[in-house]
Amino acid sequence: PICSSAMSWAFITTLNRDPQQSYIGVLQSTRGLLKDKYEQIPQLSVRLFILMEAQSLMLFCRSAATNMT
């Protein structure tokens, strides 16, 4: 088994369930998975400017990675 933090588990689970979520959608889904078990409130940050309502966080990440090379 792979050990990870609760935040990592929730983040990965969120993206596996729906990889086309927006930044806000990913954040809300991740928080939803953790809210009944943990007191901490997950937050996400990015290094580059993104549109919070963008159609897909994953598409943005792929595009950003391509542009950085």
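In which helix does Gln 28 lie? Gln 28 lies in helix α2, and the report below sets that helix in its context.

## Basis of the model

This is a predicted model, in which local features need pLDDT of at least 70 and side-chain atom pairs count only at pLDDT 80 or more, while totals for chains, interfaces and linings use all residues. Residues are numbered from 1 along each chain as its sequence is written, and side-chain values use heavy atoms, with hydrogens and water left out.

## Overall composition

The chain has three helices and zero strands; read from the N terminus, the order of elements is α-α-α. Helices (H or I, at least four residues) and strands (E, at least two) are DSSP runs, numbered from the N terminus.

Of the 69 residues in the chain, 25% are buried. Buried means under 20% relative accessible area, exposed means over 50%, and partly exposed lies in between, with a 1.4 Å probe and protein chains only. The chain exposes about 5500 Å², of which carbon and sulfur atoms supply 57%; accessible areas come from the Shrake-Rupley method with a 1.4 Å probe, and for residues only the protein chains shown count as cover. Where contacts (heavy atoms within 4.5 Å) join residues at least 6 apart in sequence, 48% of them link residues at least 24 apart.

## Helix α1 and Thr 14

The end C-alpha atoms of α1 are 16 Å apart, which agrees with the 16 Å that its twelve residues should span at 1.5 Å a residue. The expected span is 1.5 Å times one less than the number of residues in the helix. The buried residues of α1 are Ala 10, Thr 13, Thr 14 and Leu 15.

Thr 14 is located in helix α1 (residues 6–17). Thr 14 counts as buried because its relative accessible area is 1%. Apart from neighbours within four places in sequence, Thr 14 is in contact with Gln 21, Val 26, Ser 29, Thr 30 and Leu 33.

Gln 28 is exposed because its relative accessible area is 54%. The C-alpha atoms of Gln 28 and Pro 42 are separated by 9.0 Å, and these residues are 14 apart along the chain.

## Packing of α1 against α2

The axes of α1 and α2 are 9 Å apart, and the two helices pack at an angle of about 125°. Axes are lines fitted to C-alpha atoms, for helices over the stretch in contact, and angles run from 0 to 180 degrees between N-to-C directions. The two helices are therefore oblique to each other; angles under 35 degrees count as roughly parallel, over 145 as roughly antiparallel, 65 to 115 as roughly perpendicular and the rest as oblique.

Residues of α1, including Trp 9, Phe 11 and Leu 15, meet residues of α2, among them Val 26, Leu 33 and Leu 34.

Gln 40 is found in the loop between α2 and α3 (57–68). Gln 40 counts as exposed because its relative accessibility is 70%. Gln 40 and Met 7 are 33 residues apart in sequence, and their C-alpha atoms are 9.5 Å apart in space.
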